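Dear colleague,

Please find below the structure I am handing over to you. The findings follow directly after it.

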Amino acid sequence: MTDPHQILRNVFGFNDFRGVQAEVVGRVLAGEHTLAVMPTGAGKSLCYQLPALARAGTALVVSPLIALMHDQIRSAEALGIRAASLTSADSDRAEVERRFRAGELDLLYVAPERANTPGFQRLVSGARLALIAIDEAHCVSEWGHDFRPDYRQLRGLLDRFRDVPRLALTATADQRTREDILDQLGIPAEGLIVAGFDRPNIRYSIRPRDQVGAQLKGLLATVPGPGIVYAPSRDKAERIAEGIAGSGRPARAYHAGLEPQVRQRNQADFVASEEMVMAATVAFGMGIDKPDVRLVAHAGIPKSIESYYQETGRAGRDGDPAEAVLFWSASDFANARRRIETEVPAERQAGERERLNALAALVETAGCRRAVLLRHFGETPPETCGNCDNCLEPPQTIDVTEVARKLLSAAFRTEM
Ligand code: ADP
Ligand code: MG
């Protein structure tokens with residue numbers, strides 16, 4: 001069975017490819033290198049899972065997070081795809097290697113650190129590979145928001161398999177990051193495929209923060225469906241969850257400081273609920289498939305426009321109306337600037353500052369929020385979207401020079 005449409009229907013249960021999927025899959029099947037920039041929820045996994053079945057050999061999938069790999073493997077296995085990972089968390093590594101050598105795997109997930117080891121290179125040398133997928137490929141670039149040096153070294157592995165199609169995938173890469181990824185991974189410029197980034201059903205609002213607990217309660221009273229509140233720290237995530245639960249709305253917390261069992265239970269409760277609010281740090285969200293999230297709120301600024309887009313993108317995956325509300329304060333920006341100066345290596349400070357400034361421009365604009373977001377991702381949007389705070393209620397901007405002129409002339413008049 002190698003007809004892609006047949007695999008799409010019989011294995012994945014979908015009637016049609018979505019958006020650029022057909023184009024991406026087509027390139028991989030033709031053996032061409034590709035960088036696919038597709039927003040969260042656009043269906044990136046299928047772009048390598050389907051060719052893994054259609055082409056002879058195993059697909060290597062480089063992925064940065066063990067939890068993410070295990071989620072992917074579970075959903076692939078549910079479709080009857082033979083998938084496994086080689087990570088420090090897998091105790092059955094010898095068995096996985098045996099299955100790989102025997103050609104019994106469609107997908108082999110591996111972290112970049114392991115992909116670059118001599119042991120792994122020995123394992124794959126001479127093997128028949130269907131393709132090499134590099135997920136979260138923005139990690140390759142210093143311009144990306146999550147640079148991982150091990151990603152950069154993947155080039156060695158890739159160049160041992162020059163004839164195997166490379167598929168780099170990311171949800172978040174601005175123009176410069178895209179060029180850098182192409183360059184670092186040896187993908188030709190015509191291999192870049194960018195999906196539309198607009199999420200028209202998400203209403204973006206950005207408001208000054210004062211009493212965030214009260215602001216959130218007010219907001220949640222108007223949005224009865226499942227919601228996520230991103231908090232700037234573990235502590236605040238806990239307090240926000242308590243505050244919301246105290247007002248009678250089911251709520252849980254999620255952050256890396258919780259016991260794994262507690263984290264998993266809270267996540268499962270949230271996924272099953274039609275009204276629960278998850279107060280979380282950014283540790284929450286990757287790999288969670290919950291299409292009916294009606295609200296994503298930020299109790300403080302995210303790291304960058306890329307993070308904002310990715311986090312708000314967890315709202316309204318079902319296409320029904322959803323809200324994204326960010327509460328910000330000038331102190332958020334001051335703290336972020338201080339963090340850049342004290343915690344970020346000198347050579348990366350300029351890039352981080354630029355990212356923060358782009359976020360400030362989104363927060364401060366009196367124009368369409370969506371237009372700022374989409375331009376950031378290289379699209380040319382209309383000037384107004386009709387579904388963000390500034391389009392729905394244009395802010396009363398004060399012409400400062402006009403005010404100053406009137407004050408001055410009044411001052412002169414009283415003196416005379
Ligand atoms: P991404 O990695 O881009 O965030 P996923 O690969 O996790 O997205 O896919 C998001 C959701 O879209 C999944 O539930 C997946 O089953 C679904 N999906 C993917 N491709 C299609 C398609 N062609 N038709 C319908 N649903 C799809
Ligand atoms: Mg994905």
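Predicted model: local features only at pLDDT ≥ 70, side-chain atom pairs only at ≥ 80, totals over all residues.

The buried residues are Ile305, Glu306, Tyr308, Tyr309, Gln310, Glu311 and Thr312. What lies over them? The covering elements include four strands, namely S8 (202–208), S9 (227–230), S12 (295–298) and S13 (322–328). Helices H16 (346–364) and H17 (369–376) are also among the elements that cover the buried residues of H14.

The second topic is the nonpolar cores. The largest of them has 57 residues, and within it Leu107 and Ala133 touch the most other members. Helix H3 (residues 44–54) supplies the largest share of this core, with 6 residues. Another core, of 52 residues, lies apart from it; Ala324, Val325, Leu359 and Leu374 are among its members.

Which residues does Ala133 contact, once its neighbours within four places in sequence are left aside? They are Tyr48, Ala59, Leu60, Val61, Val62, Leu167 and Leu169.

The last topic is the ligand. There are 13 residues around ligand 1, of which Phe14, Arg18, Gly43, Lys44 and Ser45 come nearest. Sorted by class, this shell has 5 nonpolar, 5 polar and 3 charged residues. Helix H3 gives the most to the shell, with 3 residues.

With kind regards

Key: Residues numbered from 1 in each chain as written. Chains lettered and ligands numbered in written order. Buried ≥ 20, exposed ≤ 12 C-beta atoms within 10 Å, placed from the backbone. Helix = DSSP H or I, 4+ residues; strand = E, 2+ residues; numbered from the N terminus. Contact = placed C-beta atoms within 7 Å. Core = buried A, V, L, I, M, F, W, Y, C linked by C-beta atoms within 7 Å. Near = placed C-beta within 6 Å. Nonpolar A, V, L, I, M, F, W, Y, C, P; charged D, E, K, R; others polar.
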